[in-house]
Amino acid sequence: MNTEIPQKTLTNGLFLGFAISSRFLLNFQDGIWSEIVSFILLFGIYSALIMWLKEYQKTLPENKISLKKIIAFTFKIFLVGGIISSLFKFAYFQHLKPDIFATITSQYDQIYSEYILKINQLLEDARKQNKPNDVLILQEGLTQLKWWKSIVISSYFEPIMSLFINLLGGLFLGWFIWPLFKINQQKPTSIKQ
């Protein structure tokens, strides 16, 4: 069994995870330099993905790569990178800077408290107007809102959402890159004489 491709996927995913984690850290910096470095990292991720896909394409029969293979490749790399960056984000919020996570959860808490207050007011109005269907719907909405709040302020929510967003970003990027490879594969090859 050829282990070179899975090893490269892990290596590339590790590099991607570090790049995503670096961009995450730059979000907490002020100034134009952090924005410039963040953009350079983003462009580097895009360029690296194209380079990795070209290397992968060379391992395929007749150097042909399909959209399905590109999507599968980017998914695997972004899965590894997303897991690395999500673990970093979890460690950052839990151990390195728990005060930042506390600030984020207090902001969520404030937003949800305002929504709960509004729903409670609507619920009271519905009871006064004797609208049992509205009362039932609002009570169900209140229960779901409280459940959602408990999920969002969990220390696992941000890293899991980060993983999900990175996977979607990887799939989108693979789909976006596909035309570059398709056009390149359609070019007639020159015959040396």
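Tyr92, Phe93, Gln94, His95 and Leu96 of H3 are in contact with Pro98, Ile100, Phe101 and Ile104 of H4, where contact means heavy atoms within 4.5 Å. Sorted by class, this contact holds seven nonpolar, two polar and no charged residues; Ala, Val, Leu, Ile, Met, Phe, Trp, Tyr, Cys and Pro count as nonpolar, Asp, Glu, Lys and Arg as charged, and the others, Gly among them, as polar.

The model is predicted: local features need pLDDT of at least 70 and side-chain atom pairs pLDDT 80 or more, while totals for chains, interfaces and linings use all residues. Residues are numbered from 1 along each chain as its sequence is written, and side-chain values use heavy atoms, without hydrogens and water.

Helices are DSSP runs (H or I, at least four residues), numbered from the N terminus.

Just after H4, Asn130 has a positive phi of about 55 degrees.

Ser34 belongs to helix H2 (residues 32-58). Ser34 counts as buried because its relative accessibility is 10%. Its side chain reaches the backbone oxygen of Gly31 at 2.9 Å. Leaving aside residues up to four places away in sequence, Ser34 touches Leu26 and Gln29.

Methods. Helix = DSSP H or I, 4+ residues; strand = E, 2+ residues; numbered from the N terminus. Buried < 20%, exposed > 50% of the residue type's maximum accessible area, 1.4 Å probe, protein only. Polar contact = N/O pair within 3.5 Å; in protein donor to acceptor, adjacent residues only side chain to side chain.
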